[in-house]
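Biologist: I have a structure open here and have not looked at it before. Can you walk me through it?

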Amino acid sequence: MNANNIFKRRARRRIPDLPVYSPGLDVDDVKRKYGLERVIKLASNENPLGPSPRAVEAVLREAGRISLYPDGACTALRLALAERLGIAPDSIIFGNGTDEIIDLVCYAFFDPGDRVVMGNPTFSSYFLSAAAMDVEIAMVPLVDYRHDVSEMLKKVNSRTKAVFVGTPHNPTGTICTRADLEMFLEGLPEGVILIWDEAYREYVESVDYPESLTYLKSFPNLLILRTFSKIYGLAGLRVGYGVTSPALVDVLERVRPPFNVNRLAQVAALAALEDEEHIRRSREMNNKGREYLTSELSKLGMEVVPSQANFLLFRFDSVVDSLATLLLERGIVVRDGASLGYPGYARLTVGTPEENRLVIDTIKRLIYEK
């Protein structure tokens, strides 16, 4: 018996059948494969403006101290966030990205045979982290690209430990409204955790988007996830956080690895938090770019899902075949919707004005060449 089979047999029951997460193509790999000098990556929903210059300066100042372990409690960042959000410092849990906080929930609460509920399609980390713990996953199809709250609540039973909701949702960019949040909170038993993932919240313009923090006092089972990876431009440093009741934080802290947020990430996040002008510029550029791309793709006959995030999901298969591959060959990396549960679609990150125009011009040429 070869080594692969030995370890697969010894792994936990669900592990050998789990797919390996694919983060998408690296820019340098694309350059080498297609012999290109310039490649733009619009596949991972990163901030095209990059990080705040203050964050970069903070990292450079701190670089000489990387021989020292970081503050395991993220004290400076914790206090700044608590003040900014108007919450108690012990209501925050930090992670190496929000993916780790999702893992912490799974480690702390899930036993084999428990149930979790989520939309379908959804962010792959919800499924992968839960499936690794051998729980039953009830996946509820989206309706018009949005969570079907009433159907999700019907899937909650006595074995349910958590419900996962992304808002804005990845990969569709749609939101749950204030009424949706209240329906979840009032419909869930008090011990069921509502994991309310707001990774893209800073890009939302809709007046129906709830201020979720105001519900924390009444609903200790609400866990709000936020991140420095998106509008703050720190995806490469991996800083996420959850806001919830101190009682839930206490349980999660018991399975959190020590020093899980590194020293450079902490100082960069603190500096980025303080640069409100960079956030304003990032939001303004995104909203204009999102409007431009939605308009231009629609003019080309493509169905564009109305988005409140920094990306667009759009259907291309009635207009042009294999769009993601054709763009890749021309140095534009987008996410093929087939890997996200939407074959015939693509997910496109909103880029700089120049990048957005280049994408549209390239798609036009592909259509006219057909």
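Biologist: How much space lies in the second largest pocket?
Modeller: About 250 Å³. A pocket here is an open set of points on a 1 Å grid over the protein atoms alone, with protein on both sides within 12 Å along at least five of seven lines. A volume is the space filled by probe spheres set on the points, which are joined across faces, edges and corners.

Biologist: Before we go on, what kind of model is this?
Modeller: This is a predicted model, in which local features need pLDDT of at least 70 and side-chain atom pairs count only at pLDDT 80 or more, while totals for chains, interfaces and linings use all residues. Residues are numbered from 1 along each chain as its sequence is written, and side-chain values use heavy atoms, with hydrogens and water left out.

Biologist: Back to that pocket. Which residues lie nearest its centre?
Modeller: R201, E202, R226, Y232 and R283, out of 17 lining residues, where lining means having an atom within 4 Å of a point. The elements that give two or more residues to this lining are α4 (75-85) and α11 (276-299). Helices are DSSP runs of H or I with at least four residues, strands are runs of E with at least two, and both are numbered from the N terminus.

Biologist: And what is the lining like by class?
Modeller: Nine nonpolar, no polar and eight charged residues. Ala, Val, Leu, Ile, Met, Phe, Trp, Tyr, Cys and Pro count as nonpolar, Asp, Glu, Lys and Arg as charged, and the others, Gly among them, as polar.

Biologist: How many cavities of 30 Å³ or more does a search find?
Modeller: One in the whole structure, a cavity being a set of points where a 1.4 Å probe fits but cannot get out. The largest cavity holds about 60 Å³ of space. Its lining includes E46, Y203, M285 and V350, and divides into four nonpolar, five polar and one charged.

Biologist: New topic. How do α5 and α9 cross?
Modeller: The axes of α5 (residues 98-109) and α9 (residues 246-253) come within 9 Å and cross at roughly 85°. The two helices are therefore roughly perpendicular to each other, a label for angles of 65 to 115 degrees. Axes are lines fitted to C-alpha atoms over the stretch in contact, and angles run from 0 to 180 degrees between N-to-C directions.

Biologist: Which residues make the contact?
Modeller: L104, V105, A108 and F109 of α5, with L248, V251 and L252 of α9. Contact means heavy atoms within 4.5 Å. By class, that is seven nonpolar, no polar and no charged residues.

Biologist: How many aromatic pairs are there?
Modeller: The search finds 11, counting rings of Phe, Tyr and Trp (its six-membered ring) with centres within 6.5 Å. The rings of F228 and Y241 have centres 5.8 Å apart and planes at 45°, so this pair is tilted; planes under 30 degrees apart count as stacked, over 60 as edge-to-face and the rest as tilted. F228 is in the loop between β7 (222-227) and β8 (240-243) and Y241 is in β8, so the pair ties together parts 13 residues apart in sequence.

Biologist: Where are the cis peptide bonds you have listed?
Modeller: One joins N120 and P121, with omega about 0°, and P121 lies in the loop between β3 (115-120) and α6 (124-132). Another joins T167 and P168, also with omega about 0°. Most peptide bonds are trans.

Note on methods: Angles under 35 degrees count as roughly parallel, over 145 as roughly antiparallel, 65 to 115 as roughly perpendicular and the rest as oblique.
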